[in-house]
Amino acid sequence: MLRAEYLGIKEMFETRTIRVPEPIAFGEYKNKKFVLFEYLDFKGSGSQYELGQKLAQMHRSVSQNCSFGFHVDNTCGATPQPNSWISDWADFWDTHRLGHMLRLTGNAGLSDAKIQELRKKTRELLSHKPQPSLVHGDLWGGNKGFCRDGDKVVPVIFDPATYYGDREVDVAMTYLFGGFNGDFYEGYEEEWPLPPGHEQRRTIYNLYHILNHEVLFGGMYLRQAQGMIDQILRF
């Protein structure tokens, strides 16, 4: 888990776009693994417009093999996240994201027939052929902030579930739990506008995270996921 986080941050750091904590070391000492990142001097607020711009700039970094996935499996929260390389985006999502979460949640409590319908519909809606962009993978409001960088305050992201995927997955998650304002979306759109259909795909991508919250926390998330599935089937 620590190695995967180190490699994910390192991948983002090497784009020289959005600020992330510089990865310094990963290793083992006395049978205990450790990872070391730079100390960041966090501030209360900063430019969300710049945050959107810099995120879009990072998304322009694509995988060298033109496939979707990552060098290692990692975690989203505490949930294992498989990342073996797949060349087609719809296949990747069905196998490693939607299919993975459906297995962990017992098909979200739904019938096999409805799940088959969901997976077919999802594939149809993910036929837009995105490029394999470097994504944060878990971009909720708690995984972004602002820190001092010399005499400036700059946006920073951290605690990722990094992989190469459709850039829309990051933007979609910013709508789930708040923390991002209109300046963020304006900055992103100014740098790299989202393509048509992203509003529908947003629900598909956020279903993954709501199912993951069901795995992690239970409670109301299963019912929320079922409502999102109904919405997807109506598209």
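Modeller: Leaving aside its neighbours within four places in sequence, T105 is in contact with L211, E214 and V215, where contact means heavy atoms within 4.5 Å. The model is a predicted one, in which local features need pLDDT of at least 70 and side-chain atom pairs count only at pLDDT 80 or more, while totals for chains, interfaces and linings use all residues. Residues are numbered from 1 along each chain as its sequence is written, and side-chain values use heavy atoms, with hydrogens and water left out.

T105 sits in the loop between α3 and α4; helices (H or I, at least four residues) and strands (E, at least two) are DSSP runs, numbered from the N terminus. With a relative accessible area of 15%, T105 is buried. Here buried means under 20% relative accessible area, exposed means over 50%, and partly exposed lies in between, with a 1.4 Å probe and protein chains only. Although T105 and G218 are 113 residues apart along the chain, their C-alpha atoms are separated by 9.8 Å.

Two of the partners of T105, L211 and E214, also belong to the contact that α7 makes with α8. Two packed helices are described by the angle between their axes and the distance between the axes. The axes of α7 and helix α8 (residues 221-234) come within 8 Å and cross at roughly 160 degrees. Axes are lines fitted to C-alpha atoms, for helices over the stretch in contact, and angles run from 0 to 180 degrees between N-to-C directions. The two helices α7 and α8 are therefore roughly antiparallel to each other: angles over 145 degrees count as roughly antiparallel, under 35 as roughly parallel, 65 to 115 as roughly perpendicular, and the rest as oblique. The crossing of α7 and α8 is left-handed, a word used if the near helix is turned anticlockwise from the far one by less than a right angle, with right-handed used if clockwise.

On the α7 side this contact includes T203, I204, L207 and L211, and on the α8 side it includes M228, Q231 and I232. Its residues divide into 11 nonpolar, 5 polar and 1 charged. In this count Ala, Val, Leu, Ile, Met, Phe, Trp, Tyr, Cys and Pro are nonpolar, Asp, Glu, Lys and Arg are charged, and the others, Gly among them, are polar. T203 of helix α7 is buried, with a relative accessible area of 11%. Not counting residues up to four places away in sequence, T203 touches M228, Q231, I232 and F235.

Helix α7 (residues 198-217) also meets helix α4 (residues 112-125), their axes coming within 10 Å and crossing at roughly 130 degrees. That makes α4 oblique to α7, and α4 passes α7 in a left-handed crossing. L118, T122 and L125 of α4 make this contact with Q200, R201, I204 and L207 of α7. By class, 4 of the residues are nonpolar, 2 are polar and 1 is charged.

In soluble globular proteins, nonpolar side chains tend to be buried together.

L40 lies in the loop between β2 (32-37) and β3 (42-43) and is buried, with a relative accessible area of 8%. The C-alpha atoms of L40 and D149, 109 residues apart along the chain, are separated by 8.6 Å.
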